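My notes follow in the order in which I looked things up.

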Amino acid sequence: MNVAIVQSDVVTAYGWGLDALWDGLLSNETAIRATDRFVERGFLSNQAAIIPELEIHAGESRAMAMLRRLLRPLIAKIDPLTPLILATTVGEIEYVEAAILSHRPELAADARPQVLLRRIKQLLGLRGAAMVVSCACASSAVAISRAASMIRHGDAKRVLLVACDSVSEFVYSGFSTLLSLCEGPARPFDAQRGGLTLGEGAAWALLASDESPRGGATSILGWGNTTDAVHMTAPDRDARGLSRAIAKACAMAGKTADEISFIAAHGTATLYSDAMELVALRGATRRPRPIFSVKGGVGHTLASAGLVQILVAARAMSLGIVPPTVGLQVLDPSAVDWAHKTSVQIGRAPLALSISSGFGGVNTAVVLGGGDQS
Amino acid sequence: MIRAVAWFCAEHHGLFTPAGQSWQGPSPALSTSASAVELIGRPVNYFSRMTTEARFCLCAAGMALKAIRWQESRESEIGIASAGSDGFLAANQEYFRDYVACGRTLGRGNLFIYTLPTSVLGEVAIVLSLTGPCLFIHDDTLPLPSLARHAQRIVADGEAAGMLALWSDPRAAVCMAVDAGPGEDNIFELLSKSEATPLQLASGFQLMVQRA
């Protein structure tokens, strides 16, 4: 059974909607800016990709503020029995911050992701199955595989996937502590890359069984999820886990990696993660394919990152254009012929691969098909 | 098929396999790695950095894995999925409280890396050499049965030869080892209808299988 993304939307620091994201990437201008939100904290960086002019109600989290507007078109339109999957890493973590900073421990429980799940159900009037899927920075990519599996097994005809994470002091301080933040905007696949930049973003996708894909619909043809089992935060430098994830995804799709037109890379701009991805890709295909990372434009949106790059890949497939890797200045020698400073016209692009990795050594690969795939 | 159910809490721990193994007893203190090593039959690095919940999870998962001997032939295809939420909420609070106490400039990396729902799984995966899918999947209404179902689906999809379905909170961990095999809809139905806690389900699993 074919599973397709039949409807979707996204918000990133470029603004609301996929058009804003696509145009922002094609402009080759980053949406990462210096932020004064943590100016007194003395972190390693002051850079972040923040959603501009986000309207936040009193007592509301940034995640919920994003979702309240982003999900508005679905209110009273979506079948109330549609299963819901929420992909997030730390949910509404501001409630933990508030609990400790204001000495009100009772607030902390609201940071549990299932509380956010309930809020989304309430907002949309959903009464069906609902679950949280979390897998570090691969969360929404893994959640897509669970949604597609539910549809393939006949559990549901449609599944709504919602992904979100915000830039918080909690997460910013943690990555600063781990020395993972770049002093300036992130530069994925750059020879002088110095780490990641955090970004906030949310996205949703309605996945449905689609026996006869229409033009424009992007199909989820296969996926592979693996674990390095090597280190809690660092990737396996030999890329064995990601290589197996790519192989599994291609096998499930009934394709070879050599048939892939281009790759939506995780591309965090950390030294080892970018290098690990290129090791996996070099091992998987016989010749270079165009790859792109959105993280030099919109930062690392954590749980949303996988879905955000998949939605960009879907647009790239439909237009036959691979967007540039924003922020790339001096191409890393290992990325020559793979990453590009400018967009690449590729013509017909029936197959794309999206790869994601995260803390705990998790890896995910998803093979996407264009509207003419069966 | 559910191949094994293991649990570990401060007071007691135990194991049941439909193939015939069944035992339970008082839990050893997990103040050092020695007890864990004895239970799971593997060396454990970095035991001292693990939270209490992570130690419980490691013991429950390791006992289930040891009982079914997957690791002897198919370890590269074993994955782990978890449910539960109180544990990482506690870890979140511990990290941020410490960061605030330290002047809100520098946190502690070893606390931060435990703040994700999958942090404990990553640690368990390293010790048990689990290289299949690793994810947190929490359905608030039926955490353990839903988790077991998803684990079963992951195996059915060919993503893994077997999955450890691990439920935990700061007081207890329960692990079901699931792989391909004859359907057990009757057991899953009993699990879904039960109002018992995951720990009660685990320790009463033998009875449930006999009823089914």
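**Helix α6 of chain B**

I began with the length of helix α6 (residues 143-156) of chain B: at 1.5 Å a residue its 14 residues should span 20 Å, and the end C-alpha atoms are 20 Å apart, which agrees. I keep in mind throughout that this is a predicted model.

Next I asked how many residues of α6(B) are buried. I found 12 of the 14, so the helix is largely enclosed by the rest of the structure. Looking past the helix, I came to Gly158(B), which follows α6(B) and has a positive phi, near 80 degrees.

**Chain B as a whole**

To place that helix, I looked up the make-up of its chain, which has nine helices and seven strands. Of the 212 residues of chain B, 55% count as buried. Taking the contacts in chain B with a separation of 6 or more, I noted that 65% of them come from residues 24 or more positions apart.

**Where chain A meets chain B**

I then turned to the contact between the chains, to which chain A gives 43 residues and chain B gives 44 residues. On the chain A side, α3 (94-101), β6 (130-134), α5 (139-152), α6 (169-177), β9 (218-227) and α7 (240-253) each supply at least two residues. Sorted by class, that side of chain A has 22 nonpolar, 16 polar and five charged residues.

**A helix pair in chain A**

Last, I looked at helix α1 (residues 18-27) and helix α10 (residues 305-319) of chain A, which pack at an angle of about 75 degrees with their axes 11 Å apart. I therefore wrote down α1(A) as roughly perpendicular to α10(A). The contact is made by Leu18(A), Leu21(A), Trp22(A) and Leu25(A) from α1(A), and by Leu311(A), Val312(A) and Arg315(A) from α10(A). By class I recorded six nonpolar, no polar and one charged residues in this contact.

Conventions. Residues are numbered from 1 along each chain as its sequence is written. Chains are lettered from A and ligands numbered from 1 in the order in which they are written. This is a predicted model: local features need pLDDT of at least 70, side-chain atom pairs count only at pLDDT 80 or more; totals for chains, interfaces and linings use all residues. Two residues are in contact if their C-beta atoms, placed from the backbone, lie within 7 Å. Helices (H or I, at least four residues) and strands (E, at least two) are DSSP runs, numbered from the N terminus. Ala, Val, Leu, Ile, Met, Phe, Trp, Tyr, Cys and Pro count as nonpolar, Asp, Glu, Lys and Arg as charged, and the others, Gly among them, as polar. A residue is buried if 20 or more other C-beta atoms lie within 10 Å of its own, exposed if 12 or fewer, and partly exposed in between; C-beta atoms are placed from the backbone. The expected span of a helix is 1.5 Å times one less than its number of residues. Axes are lines fitted to C-alpha atoms, for helices over the stretch in contact, and angles run from 0 to 180 degrees between N-to-C directions. Angles under 35 degrees count as roughly parallel, over 145 as roughly antiparallel, 65 to 115 as roughly perpendicular and the rest as oblique.
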